[in-house]
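Here is a friendly note to read alongside the model. Please keep the structure open as you go through the points.

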Amino acid sequence: MTPPPSGPVCAGASQFASYPTFSSYVRARGPVLLRTARSLTANPCDAEDLLQTALAKTFVAWERIEDHRALDGYVRRALLNTRTSQWRKRKVDEFACEELPEPAGLPEPDPAERQVLHDAMWRAVMKLPERQRQMVVLRYYEDLSEAQTAEVLGVSVGTVKSAVSRALGKLREDPELTPVR
């Protein structure tokens, strides 16, 4: 009988050693399997739970697994299957309904305050240069799209975008609107 080869040829063989007990397998391969579980979930605590579930499934099947050199593959498959099952069973918190529920506790805004805001906004819009004012009125008061605004004014969509952007910047800086914000 020839002795087993020594050196680097045998180095990988210990990786596939037969594990006499389930606990020795978990001690030896647990950290590697946990890294695999962490790659399947975003939360480290969920990864630990996922690995624990997969190891419980492996423990139940321990006696039926014939080739203990393939245990890592078995546990990885259990991890994937468990994660897929969790994903499919995830709780859905949103449901489609005919009518949207309205919050009951929101008070109606004071009509006088709304009018003050409306007047302040209109005075700020009137301070804009004519071209910018036209574009802001068409976009936000008339509710036209950028393309429709460009068509009405006979300019490109890019011109509308840049002019409206500059106009909104001026409105944000308007001192009369500062207390409103």
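1. Helices (H or I, at least four residues) and strands (E, at least two) are DSSP runs, numbered from the N terminus. This is a predicted model: local features need pLDDT of at least 70, side-chain atom pairs count only at pLDDT 80 or more, and totals for chains, interfaces and linings use all residues. Residues are numbered from 1 along each chain as its sequence is written, and side-chain values use heavy atoms, with hydrogens and water left out.

2. Leaving aside neighbours within four places in sequence, W122 touches V137 and Y141, where contact means heavy atoms within 4.5 Å. Between W122 and V137 there are 9.9 Å from C-alpha to C-alpha, and the two are 15 residues apart in sequence.

3. W122 also belongs to a nonpolar surface patch of about 410 Å², which it makes with M126, Y140 and Y141. Helices α5 (111–126) and α6 (130–141) are the elements that give two or more residues to this patch. For such patches, residues need over 30% relative accessible area and no salt bridge; like charges are joined within 9 Å, and nonpolar side chains (Val, Leu, Ile, Met, Phe, Trp, Tyr) within 5 Å. The areas come from the Shrake-Rupley method with a 1.4 Å probe, and for residues only the protein chains shown count as cover.

4. On the α5 side, M121, W122, V125 and M126 meet R133, V137 and Y141 of α6. By class, this contact has six nonpolar, no polar and one charged residues. In this count Ala, Val, Leu, Ile, Met, Phe, Trp, Tyr, Cys and Pro are nonpolar, Asp, Glu, Lys and Arg charged, and the others, Gly among them, polar.

5. Stepping back to the whole protein chain, its secondary structure comes to eight helices and zero strands. Of its 181 residues, 24% are buried. The accessible surface is about 13600 Å², and carbon and sulfur atoms hold 56% of it. Among contacts with a separation of 6 or more, 51% are between residues 24 or more positions apart.

6. Now to the charged pairs. Side chains of opposite charge can pair when their charged atoms come close. How many salt bridges does the structure hold? There are five salt bridges, each being a side-chain nitrogen of Lys or Arg within 4 Å of a carboxyl oxygen of Asp or Glu. One of them joins D72 to R29, with the closest N and O atoms 2.5 Å apart. D72 lies in helix α4 (residues 71–88) and R29 in helix α2 (residues 22–40), so the pair ties together parts 43 residues apart in sequence. D72 and R29 are both buried.

7. Another salt bridge pairs E176 with R123, and their closest N and O atoms are 2.4 Å apart. This pair links distant parts of the chain, 53 residues apart: E176 is in the segment after α8 (157–173), and R123 is in helix α5. Both partners are partly exposed, E176 with a relative accessible area of 27% and R123 with 42%.

8. E176 has a further partner in K127, the closest N and O atoms being 3.6 Å apart. K127 lies in the loop between α5 and α6 and E176 in the segment after α8, so this pair ties together parts 49 residues apart in sequence. K127 counts as exposed, at 52% relative accessibility. Through shared partners, salt bridges join R123, K127, D174 and E176 into one network.

9. D143 is not a glycine, although it has a positive phi of about 60 degrees. At 65% relative accessibility, D143 counts as exposed.

Notes:
Buried means under 20% relative accessible area, exposed over 50%, partly exposed in between (1.4 Å probe, protein chains only).
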